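Me: Could you take a close look at one part of this protein for me, the place where a ligand sits? I'd like a connected walk through its surroundings.

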Amino acid sequence: WWDHVQPAPKDPITSVTQAFLSDPTPLKLNLGVGAYRDDKGKPVTLECVRRAAEKISGCEILESTKATTKSKFVQDCIKLAYGNDSSVVREGRFAGVPALSGTGACRLFAEFQRRFYPNSQMFLPMPTWSNHHDIWRDSQVCTRTYHYYDPDTKGLQFQALVNDIKNAPDRSFFLLHPCAHNPTGVDPNYEQWKEISHIFKIKNHFPFFDMAYQGIASGDVERDATAIRIFLEDGHLLGCAQSFSKNMGLYEHRVGCVSSETSRPLVFFLETSIVSRDDKQATAIKSQLQRIVRAMYSSSPVHGPLLVSTILNDADLKALWEEEVKVMVDRLISMRITLRQTLEELNSSSSWEHITKQVGMFYFSGLSPEEVNQLQRDFHIYMTNDGRISMAGVTSSNVDYLASAIHEVTKV
Ligand code: PLP
Ligand code: LMR
């Protein structure tokens, strides 16, 4: 039956962990997968999550309250992404469903896109999180790429990006990373987002924001939503995938949300009477998303959404969460500063300023595949083949070792 099944190609990110785990050397460093670690290299359970878990422990989740919990969660996600005071929230102009974290949210949107725009394509930034290509491919939506990162400046290739947006057919779908772009750590600035939004408007493109790192770019969850807020102000309809893996450390809980702003108020509960044609449309979007979920995995778990809502609706827990996000981001930034300083002190001839210019979880080093191999072979330092370094794996105890290893493989 299955003789024709060949081994699948390795995933460029998770295979790094596998290689790392099978290396018997005690002094080894995993800078592959982007999962937050503290300065001792340990995974972190946020205190706000611990307290929220205590608060809800013993709460019986009845069949009748599940739907309310999930609807509430979607509303909380929308507020967080689109802004408490936004007209979208005030007028309830959105359709959303809980998703199996950021990946599941992207997958649901991709399915939805194919179902209702079967011949459409998704434009992805070049480069992007490798799984984006796989998600849209498995959903049978063709992907194209748009210019984003400039290897020469290690910054944004803004003019080429603008040209690609202008040259794409009108009404194209574009995936945008609103903050802490993965893998490059390069985000457009405020003026550039304004311009991108302006051109999207002229071209009638549909922006789909994949927000896996809200808070992790600047340390401020509100500021990291700037791109989305600009698009909303400019009157776009948009889609959004949200994940709480990174900013709440809920990796294994798989908590996310996919939502789409709609032109008219959404009637949240499907049994509520439908009063106007536009309300009908909003309800239709939600019910179609639910239909996709039903056939894929029936329904999403309720515990993760309950944790998130408990944090977002308790002023003390929310303030604690925002502080804890800041602590994580400050640690990432301080590791960037130390790595750069240490490399500069080694009198390396290369420029290392982009280590501190880039933001978020990753430093896109520009190391070549040969240099990456050498780091792995000679120093047992593991990272993805494209030279992406997860700053979350860098600590005060290993940063000197990392700097001297990078210096060794890059010196001429
Ligand atoms: N989107 C981007 C850009 C990511 O970097 C990630 C990685 O975590 C995801 C989506 C998926 O997130 P999750 O782990 O929540 O599925
Ligand atoms: C990464 O890019 O390392 C993270 O987004 C984790 C993942 O699932 O790939």
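Reply: The protein is divided into domain 1 (14–34 + 318–410) and domain 2 (48–313), with bounds from an automatic or database domain assignment. This is a predicted model, in which local features need pLDDT of at least 70, side-chain atom pairs count only at pLDDT 80 or more, and totals for chains, interfaces and linings use all residues. Residues are numbered from 1 along each chain as its sequence is written, chains are lettered from A and ligands numbered from 1 in the order in which they are written, and side-chain values use heavy atoms, leaving out hydrogens and water.

Around ligand 2 you will find Ile-13, Val-33, Gly-34, Trp-129, Asn-182, Tyr-213, Lys-246, Phe-362 and Arg-388, each with a heavy atom within 4 Å of the ligand. Both domains contribute at least three residues each to this shell. Its make-up is five nonpolar, two polar and two charged residues (Ala, Val, Leu, Ile, Met, Phe, Trp, Tyr, Cys and Pro count as nonpolar, Asp, Glu, Lys and Arg as charged, the others, Gly among them, as polar).

Now for the polar contacts (N or O atoms paired within 3.5 Å). A backbone N or O atom of Gly-34 lies 2.7 Å from an oxygen atom of ligand 2. From the side chains, an N or O atom of Trp-129 is 2.9 Å from a ligand 2 oxygen, and one of Tyr-213 is 3.4 Å from a ligand 2 oxygen. Taken alone, ligand 2 exposes 260 Å², and the protein buries 79% of that (Shrake-Rupley method, 1.4 Å probe).

Conventions: Polar contact = N/O pair within 3.5 Å; in protein donor to acceptor, adjacent residues only side chain to side chain.
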